[in-house]
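Please find below a colleague's note on the model.

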Amino acid sequence: VTFATLMQLCAKCAMRNRASVQDGLQVLDRARAAGVVLNIRVYNSLMDVVAKSASHGAADALDGLTVLKRLRNEGLKPDTTTYNSLLQIYANCAAVGNASLSDGLQILQTMRSEGVARDVTTYNTLINLLAKETHSRGSARVAEGHGVIAVMKADAIRPQLQTYSALIDVCAKAAEHGVGDLGDADKVLEKMKEEGIMDLDKVICNAYLNCAKADGSSAALIAADKILDLIPTDQRDSYTYS
């Protein structure tokens, strides 16, 4: 079993809150003591450990920045996976009000300046970060979500279903705080239709239903019934009906 595999196992355990950042650092120290030359794969897995731990409140952005500093000290260069995981750390911190979209955009700028490729995960994570920040801070940020997608397109990356699902989640979080309504989500659906993205999945439908619930108007209830019909009965879950 390689140390890279051990670190990946640590990340899987961290997802279940059964391993910590300290456990990941111990794997790193063991590898170094064994004379193993550490590569970016190992550090990316360690960054994933931090991201998974942050989802449980057991790590924060400083832990991610520490990993970034350590890998640079090893003479390694962060890649797309490194920065995507760092963005996920910030997104998880945003859920409790400890990070913002501006933090994510700074990472995006660093990727550009270092010539690190961005991908659809980069931008999806940015919008997820915005949704979490909107939920924790109750601010109207739907326009900024559209702005992220504009930057994404300028980067020659085509938005996908998951991208717009994240944006509708931003709409839902804004509506929950009374700083948006179902009209914002409808505009997203219209944009999707214009771009030929027609196959709505359960995740995006649930996000739309959540937005309709927060809106609370009679028109929103009618729209919710129409969206509900798009979800096959066997794919509906408790969240769908909540």
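**Cysteines and helix packing**

1. In this predicted model, the count of disulfides comes to zero. A disulfide is a covalent bond between the sulfur atoms of two cysteines. The cut-off applied to a pair of cysteine sulfur atoms is 2.5 Å.

2. Cys-10 is buried, its relative accessible area being 8%.

3. Cys-205 likewise takes part in no disulfide. Its nearest cysteine sulfur belongs to Cys-211, at 13 Å. With a relative accessible area of 1%, Cys-205 counts as buried.

4. Helix H1 (residues 3-15) packs with helix H3 (residues 40-54) at an angle of about 10°, and their axes are 8 Å apart. Because angles under 35 degrees count as roughly parallel, H1 and H3 are described as roughly parallel to each other. Residues of H1 in this contact include Cys-10, Met-7 and Ala-11, while those of H3 include Val-42, Leu-46 and Val-49. By class, the contact has nine nonpolar, three polar and three charged residues.

5. Helix H7 (residues 120-137) and helix H9 (residues 161-176) also pack at about 10°, with 8 Å between their axes. H7 and H9 are therefore roughly parallel to each other. Among the residues that meet are Ile-127, Leu-130 and Ala-131 in H7 and Ala-166, Leu-167 and Val-170 in H9. This contact has eight nonpolar, six polar and three charged residues.

Terms used:
Residues numbered from 1 in each chain as written. Predicted model: local features only at pLDDT ≥ 70, side-chain atom pairs only at ≥ 80, totals over all residues. Heavy atoms only, no water. Axes fitted to C-alpha atoms, helices over the stretch in contact; angles between N-to-C directions. Helix = DSSP H or I, 4+ residues; strand = E, 2+ residues; numbered from the N terminus. Parallel < 35°, antiparallel > 145°, perpendicular 65-115°, else oblique. Contact = heavy atoms within 4.5 Å. Nonpolar A, V, L, I, M, F, W, Y, C, P; charged D, E, K, R; others polar. Buried < 20%, exposed > 50% of the residue type's maximum accessible area, 1.4 Å probe, protein only.
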